[in-house]
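Please keep the sequence and the model in view while reading.

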Amino acid sequence: MDTAVSTKGSIQEFTIPVPQFNTHKHIWAYLPAGYAESTQRFPVIYMHDGQNVFDQVENPKREWHVEEKLNDLHSEAIIIGIEHGVHRIDEMTPYANDTHGGGHADDYLDFIINTLKPYTDENFRTLPKPENTTIFGSSVGGLISFYAALKYPEIFGNAGVFSPSFWFSEEIYAFAEQTETITSRLYFMAGDRESNAMLPDMKRMEDVLRKRVKHASQIQKKVVHNGQHNEKLWRKEFAEAYRWLMNV
């Protein structure tokens, strides 16, 4: 009797050391439907704030419901959700802020590039090249996803940049201006009710980037009417961003 192939993806969880911060992180790995029964290799999306990406029993309003959305999309991507806690601002900001501190994004990206990605590529059937590797987040997670795609285009060929915290440091604009040629694909999304600075900051960055990309099609931007800075907006917009980033 044939075994039916599941139409839903599955989630594996594991803990991995983070030598850069002398700690460990909990990781959620979403595997597409039929993964176990196939030999296919899949693109990978690394998502920050993994504790909000998948099911959060304590507070469902704080989650993105990504698993359900991926099942509906018949996803053919592996999603790696990375846990973040009280140190998320410190880990996901490239430059320090006088009020909020931070500035250790390079250490966090070193963890992803030299610890988490090698583990993922070894233990799951991935397509490891940059065109098949996406980094994705919101708020400071959007900030570091943008930074990672510009600094490490040989690793991250795509970035999902939701509600980016460009306000956190003026240096991020100087960094973008110093990048001569941008090769990664960038999906920007923000709501028009997030903050007074959100849309002007994003437009300012867009103006810098459009002079440096090889093709205008590398940048996609969406502004959501009445969108606020919260998980409701981000989960609502995830599917559209996923389709663009995955070219589906």
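A residue is called buried here when its relative accessible area is under 20%, exposed when that value is over 50%, and partly exposed in between. The model is a predicted one, and with this cut-off in hand we may begin with T120, a residue of helix α4. Because its relative accessible area is 0%, T120 is buried. Which residues does T120 contact, once its neighbours within four places in sequence are left aside? They are Y46, I80 and T126.

Helix α4 spans residues 105-123, and it also holds Y108 and F111, which lie three residues apart, about one turn of the helix. The rings of these two residues form a stacked aromatic pair, with 6.4 Å from centre to centre and 25 degrees between the planes; the angle falls under 30 degrees, so the pair counts as stacked. Both members are enclosed by the same criterion, since Y108 has a relative accessible area of 0% and is therefore buried, while F111, at 0% relative accessibility, counts as buried too.

Y108 also takes part in the packing of α4 against α5, where A105, D106, Y108 and L109 of α4 meet I144, Y147, A148 and K151 of α5. By class, the residues of this contact divide into six nonpolar, no polar and two charged. How are the two helices oriented where their axes come within 11 Å? They cross at roughly 70 degrees, which makes α4 roughly perpendicular to α5, and the crossing in which α4 passes α5 is right-handed.

The crossing of α5 past α6 is left-handed. On the α5 side the contact is made by L143, F146, Y147, L150 and K151, and on the α6 side by I172, F175 and A176; sorted by class, this contact has seven nonpolar, no polar and one charged residues.

Helix α6, residues 171-178, packs in turn with helix α7, residues 198-210, at an angle of about 20 degrees and with the axes 9 Å apart. These two helices are therefore roughly parallel to each other, and their crossing is right-handed. I172, Y173, A176 and E177 of α6 make the contact with D201, R204, M205, V208 and L209 of α7, and the residues involved divide into six nonpolar, no polar and three charged.

Elsewhere, F136, F162, Y187, F238, Y242 and W244 form one aromatic cluster.

Two loop residues complete the tour. H104 lies in the loop between α3 (88-91) and α4, and because its relative accessibility is 35%, it counts as partly exposed. Leaving aside neighbours within four places in sequence, H104 is in contact with F21, D90, E91 and T93; between H104 and R88, which are 16 residues apart in sequence, the C-alpha to C-alpha separation is 9.8 Å.

Q228, for its part, lies in the loop between β8 (219-224) and α8 (231-246). Is Q228 buried or partly exposed? At 37% relative accessibility, Q228 counts as partly exposed. Not counting residues up to four places away in sequence, Q228 touches R193, E194 and L233, and the C-alpha atoms of Q228 and Q20, which are 208 residues apart along the chain, are separated by 34 Å.

Technical notes: Residues numbered from 1 in each chain as written. Predicted model: local features only at pLDDT ≥ 70, side-chain atom pairs only at ≥ 80, totals over all residues. Heavy atoms only, no water. Axes fitted to C-alpha atoms, helices over the stretch in contact; angles between N-to-C directions. Helix = DSSP H or I, 4+ residues; strand = E, 2+ residues; numbered from the N terminus. Parallel < 35°, antiparallel > 145°, perpendicular 65-115°, else oblique. Left-handed = near helix turned anticlockwise from the far one by under 90°. Contact = heavy atoms within 4.5 Å. Nonpolar A, V, L, I, M, F, W, Y, C, P; charged D, E, K, R; others polar. Phe/Tyr/Trp six-rings, centres within 6.5 Å; stacked < 30°, edge-to-face > 60°. Buried < 20%, exposed > 50% of the residue type's maximum accessible area, 1.4 Å probe, protein only.
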